[in-house]
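Let us learn to read a few local features of a protein model. Keep the sequence and the picture in view.

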Amino acid sequence: MESLYILVPLSVLLVFVIGVIFWWALRSGQYDDLEGPAYRVLMDDRDMPEPPHEKEDGSKECPERKQL
């Protein structure tokens with residue numbers, strides 16, 4: 001029973017701290033764009049195909065058709 005004298009104020013303090021953190025997250029814009037980061041993961045810039053390279057004579061070389 002004596003442990004309730006410690007646990008109840010601790011739980012109230014914990015709820016207050018969580019509420020303050022949640023309020024800060026709302027005010028700082030953490031929840032403004034929920035879908036944008038998910039699309040950015042799928043559309044990575046590194047997955048874009050390489051542009052054709054120019055040879056010294058001015059003609060363009062396609063990266064898929066490189067001769068070994």
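The dialogue below goes from confidence to a helix, and then to an aromatic pair.

Q: What is the mean pLDDT of the protein, and which element has the highest value?
A: This is a predicted model, so confidence comes first: pLDDT runs from 0 to 100. Here the mean is 78, and 63% of the residues reach 70 or more. Helix H1 has the highest mean among the elements, 96. Strand S2, residues 60–61, has the lowest, 58.

Q: How many residues does H1 have, and what does it span from first C-alpha to last?
A: Compare the span with the one expected at 1.5 Å a residue. H1 has 25 residues and reaches 36 Å, close to the expected 36 Å.

Q: Which residue just after H1 takes a positive phi?
A: That is Gly29, with a phi of about 85°.

Q: Where is Tyr31 found, and what does it touch?
A: Tyr31 is in the loop between H1 (3–27) and helix H2 (36–42). Leaving aside residues up to four places away in sequence, Tyr31 touches Phe22, Ala25 and Leu26.

Q: How many aromatic pairs does a search of the whole structure find?
A: The search finds one. The partners are Phe22 and Tyr31, with ring centres 6.1 Å apart.

Q: Why does the pair count as tilted?
A: Look at the angle between the planes: tilted lies between stacked, under 30 degrees, and edge-to-face, over 60. The planes of Phe22 and Tyr31 stand at 50°, so the pair is tilted.

Q: What is the relative accessibility of Tyr31, and how does it count?
A: Tyr31 has 45%, so it counts as partly exposed. Phe22 is also partly exposed, with a relative accessible area of 45%.

Notes. Residues are numbered from 1 along each chain as its sequence is written. This is a predicted model: local features need pLDDT of at least 70, side-chain atom pairs count only at pLDDT 80 or more; totals for chains, interfaces and linings use all residues. Side-chain values use heavy atoms; hydrogens and water are left out. Helices (H or I, at least four residues) and strands (E, at least two) are DSSP runs, numbered from the N terminus. Buried means under 20% relative accessible area, exposed over 50%, partly exposed in between (1.4 Å probe, protein chains only). Contact means heavy atoms within 4.5 Å. The expected span of a helix is 1.5 Å times one less than its number of residues. Rings of Phe, Tyr and Trp (its six-membered ring) pair if their centres lie within 6.5 Å; planes under 30 degrees apart count as stacked, over 60 as edge-to-face and the rest as tilted. pLDDT is the predictor's confidence in each residue, from 0 to 100.
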